[in-house]
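Work through the exercises below with the structure open. Try each task before reading its solution.

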Amino acid sequence: MEKIAELLHQYRQGKGLPAAFYTSNEIFKFDVEQIFKKTWIYVGVVSEFKKKGEFRVVQVDNNSIILVRDEQGDIRAFHNSCRHRGAQICVTEKGNVPKLVCPYHQWVYGLNGDLIYAGRMGESFSCKGNGLKPVAIESIAGLLFINLSKDPSYADIEKMKTDLAPYVGFYQLDRLKVAKEIDIIEKANWKLVVENNRECYHCNANHPELLKSWPPFGAGFGWPDDPREAAAIAKKIDEAYAVKRPLWDSMGMTHEPLDLTADRWYRAMMMILENGALSQTMNGELACKKLLPGFTEPDNSDLSMWTHFNSWHHFMCDHVVTTMAIPISESETLVRTRWLVHEDAQEGVDYDLDNLTHVWVQTNDQDRWLAEINHAGIRSDAYQPGQYSEETEGLVMNFIGWYIKQLQSGI
Amino acid sequence: MEKIAELLHQYRQGKGLPAAFYTSNEIFKFDVEQIFKKTWIYVGVVSEFKKKGEFRVVQVDNNSIILVRDEQGDIRAFHNSCRHRGAQICVTEKGNVPKLVCPYHQWVYGLNGDLIYAGRMGESFSCKGNGLKPVAIESIAGLLFINLSKDPSYADIEKMKTDLAPYVGFYQLDRLKVAKEIDIIEKANWKLVVENNRECYHCNANHPELLKSWPPFGAGFGWPDDPREAAAIAKKIDEAYAVKRPLWDSMGMTHEPLDLTADRWYRAMMMILENGALSQTMNGELACKKLLPGFTEPDNSDLSMWTHFNSWHHFMCDHVVTTMAIPISESETLVRTRWLVHEDAQEGVDYDLDNLTHVWVQTNDQDRWLAEINHAGIRSDAYQPGQYSEETEGLVMNFIGWYIKQLQSGI
Amino acid sequence: MEKIAELLHQYRQGKGLPAAFYTSNEIFKFDVEQIFKKTWIYVGVVSEFKKKGEFRVVQVDNNSIILVRDEQGDIRAFHNSCRHRGAQICVTEKGNVPKLVCPYHQWVYGLNGDLIYAGRMGESFSCKGNGLKPVAIESIAGLLFINLSKDPSYADIEKMKTDLAPYVGFYQLDRLKVAKEIDIIEKANWKLVVENNRECYHCNANHPELLKSWPPFGAGFGWPDDPREAAAIAKKIDEAYAVKRPLWDSMGMTHEPLDLTADRWYRAMMMILENGALSQTMNGELACKKLLPGFTEPDNSDLSMWTHFNSWHHFMCDHVVTTMAIPISESETLVRTRWLVHEDAQEGVDYDLDNLTHVWVQTNDQDRWLAEINHAGIRSDAYQPGQYSEETEGLVMNFIGWYIKQLQSGI
């Protein structure tokens, strides 16, 4: 604790964190307690839970969490630990069950978590009070957030819901399906994974596939030094938006830029894809012929959204890419990415999986490598926090500032 | 220490242990010191050591122990560490040697542990006082127990020997051989491995192979709720025993039930196999045509025996299954099972290895899985010790009570 | 700290170290701080760096170090961590680059470590003061030593340079090339790896390939007990040296025995290969037809040299074998061996790689195994430091004495 307070004292705004914040196991545990077990974290999407009894298991540090659609159609979250001997109840990552039955001694729980049956426990035993322990869960227009705290801050999630639901709601996630889900484990501290995601200073040299359709100026990089050239580009961007805004309004899309990264750590930004692209694909053509429910015509928009520090999302007219980062240890982070398409789209007919996933499979792998060499280099005795670029790393600074605040509140 | 005292204080009789007893490395180390380095633990069987010089290495925590049959035919135990530079002397799990020679600098020890030769050590060096460090070893009719304490409690093992030798002696383990030995490493705390073994509440749903011949009522599970039905079954069991007892007496078998699980943690129970089975096989037929030395006719008995918390055994008329559990870390346990048959039995003629081992290979694997999902679920922040079933988990409660006592004695 | 002082107090001269010095992670960290981050350690050879921009990365504990030949032809050492976000700059083990460019955001450093370019950092940012952090590096006639201390002792390396450069200089390492480099990771504490290298008591029984050409008496083992036999051998050795010395003098070789192992830990000893061998090969014939630059005729000499506790070297007329040991953890050590030949020698024509490397590939693997069973045995509760042999383990005692002194100086 004293060590962490001392390290927080060493932190200088505008610079990176002292090495221990990335490499120390003690601080990692503090991160988990102060952040991942206190705030709302993005863990999944409604599109995974089509039917009653459809469940999904998510691991957050030592906690295995069951997400399941209940009899009423709500998605509930429970700790995956039987109230008898503590065994895990759901032992596969996903599935569909009528009841939640512990494989060890067949205690039976309803989809609402109530204990329904426990054999041979004698007269004095009561099922009441022995239900599965619930976990707070909230949906923002289909994006699912859990909070492992015993006393979750609902004001926090309600504010985010109010702000973001209008953007997300347009895409009708409950009418989409998960076409593909890919996990990678990055050998890097979770904050390096997030820092990497919060700037595009590294994009030009490292992401050739992404840059096929990516708007460099909107993403905060690539502005020319010559002020006249820059002004010309800014004008061109403004003109493009001027054309799109009425169209988006007419479709009912929410598209005004929203940036709360300095304070509450989320952001929504409607971008216009570059080079005539309609989707993040190698040739810029649609990845899925069947458009998302809200669209009748192809559109070159990309709603780039970040929520609560552990997720990033791209909503396009034909598919959604949604990614979450969950820490495993001070030097390992799970990055799970899902590609969503219209629930009626058919693989092989409307979309090709390799084509749909190619850009972000490559981009994620490039970012994994960057986060890993970053982590490896920070281990050096010679590392000292360097200066961030105000031009291109402002959002990284915001993230680091937010992170420092979370830790300070726990000291 | 204070933490352990506090945790012991949290323990409530009739409930499981607080999570830290299963998941904490600190408590694991305390378990090793208080239990595995203080009490007598089952590590092998005389049937492995047919000839002089036949040795076997067993690892218990950081200690590698050599078991070897010496010149006089006794089985001795030594620490596997040369008195010169500390190197391991026996570097294979088993073998047969005339002397114990250190591979590093060829110091030579007799089978009694004495240092016989050490080259180039000069005039002043004396072999005397540089013998291998001995480990206390005792045999209960051929079951081998070691004690790593510098001051082993012999009263303890003598009492167990007096109680159990009559049961085991009948099977003449020195005239059996090891037909097969299989190790599995379970990713679970050793106490979860033992708890799993001490109840059959989980058997019905998880052990189809075992239940082919397993007597459900004797094993403490499966009694019907209807008291009249239960009484009828009890009567039937009594009648079966009434038929067998005189036969067993005439053969010289010891068969009275013995249960010291509440106190000293061992038990012997003569069971009668079900469904007309003569052996724990899939079809109930004999696993080995050549009967064990004490038998002239096939017999449907199964002496189910547990010794000192880390072993379980089944003695049948044609083979013996004997299992030991040795902890590796707070979340890993070695489970070693041996199948013994008459020393004159021939593989492929008298027995088929797959047939002989099938039931317990399957059963062990099922139990491994149960212990592992149990361990995984206990890691959850939501875990709280649940209530044991008095009807079916009494022996688990006895084990946990015994364990708590061992720890209390060390605080 | 108190624990280490207490353990140092337990150490008895002439005996091995208490177990914790080999097995404790706390002491391992102290070893790294007191020794590997304070003294000069051997990390490479000039023969690796033929051209400007040729680089090599070496990992010492948490530090990744770049060794690179600069514009002026000097070999420099830098911490491999960008001054911006800390990422590793060189991400392959070796290569050749015009500049050192960070892959993350393309900051560009010169081969002298100066920061030359950093994009988008704004007007106020200055490259000055943001160069790569240098590491002290010194060459002893081509053997490269680094020192990770902020205040390296140059007196130390200068003394070693004065003493050893005359021996090494004759072999003109800058005109040799690395024919092969092989890493092995030994599961043993680094001190056990070194102890193993500092005695040949174990050689007779364990190194059949090495003994094809190895002079047993010079290496401190193998003297017969009979004093008359020993005298006859000594006389024979003296005669052999009497023949060789004038020849070596005429060639300009430095060959007088030098032994500072008791104090500063290095040694040079010119040996004469046995059994008519000219090189350490299986048949004793030359491993490389093209002789090293200093030789016009084959010569059966072998300059056996040890430097500063973490290296050992054999310089012969046709090739050099040079080995370094770098600790990874308390129970893992990297052993990197390089075979050097004349830079003009051609593989397949002048030398066959398998033939060149066979003896030491086998010897290293045998030593790995010995160090590993040594480490495993020392973990035993029964281990107590044994007596070293004065006849054959004097240099081990010197190493241990030196090691104890280093630790004492840090308490």
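**Exercise 1.** Find which residue of S10(C) stands opposite Glu138(C), then place the strands in their sheet.

*Solution.* This is a predicted model.
- Step 1: Glu138(C) faces Phe145(C) of S10(C).
- Step 2: Five bridges join S9(C) to S10(C), residues 143-147, and the two strands run antiparallel.
- Step 3: Widen the view. The sheet is open, has three strands in the order S1-S10-S9 (chain C), and pairs antiparallel.
- Step 4: S1 (41-45) and S9 (136-140) of chain C are the edge strands; each has a single partner strand, so one side of each lacks a neighbour in the sheet.
- Step 5: From one strand to the next, the twist averages 35 degrees.

**Exercise 2.** Identify the strands that helix H4 of chain C touches.

*Solution.* H4(C) spans residues 154-169 and packs on the sheet. Its contacts there are with S9 and S10 of chain C. The direction of H4(C) makes about 25 degrees with that of S9(C).

**Exercise 3.** Describe the interface of chain B and chain C.

*Solution.* 
- Step 1: Count the residues. 25 of chain B are in contact with 29 of chain C.
- Step 2: Take the area. The two chains bury about 2,400 Å² between them, with 45% of it on carbon and sulfur atoms.
- Step 3: Arg85(B), Tyr104(B) and Arg120(B) supply 34% of the area that chain B buries against chain C, more than any other three residues.
- Step 4: Check the charges. Five salt bridges cross the interface. Arg85(B) and Glu393(C) meet in a salt bridge through their side chains, at 2.5 Å, N to O.
- Step 5: Sort the chain B side. Eight residues are nonpolar, twelve polar and five charged.

Note on methods. Residues are numbered from 1 along each chain as its sequence is written. Chains are lettered from A and ligands numbered from 1 in the order in which they are written. This is a predicted model: local features need pLDDT of at least 70, side-chain atom pairs count only at pLDDT 80 or more; totals for chains, interfaces and linings use all residues. Side-chain values use heavy atoms; hydrogens and water are left out. Two strands pair if DSSP finds at least two bridges between them. Helices (H or I, at least four residues) and strands (E, at least two) are DSSP runs, numbered from the N terminus. Axes are lines fitted to C-alpha atoms, for helices over the stretch in contact, and angles run from 0 to 180 degrees between N-to-C directions. Contact means heavy atoms within 4.5 Å. Buried area is the accessible area (1.4 Å probe) that two parts lose on being put together, summed over both. A salt bridge is a side-chain nitrogen of Lys or Arg within 4 Å of a carboxyl oxygen of Asp or Glu. Ala, Val, Leu, Ile, Met, Phe, Trp, Tyr, Cys and Pro count as nonpolar, Asp, Glu, Lys and Arg as charged, and the others, Gly among them, as polar.
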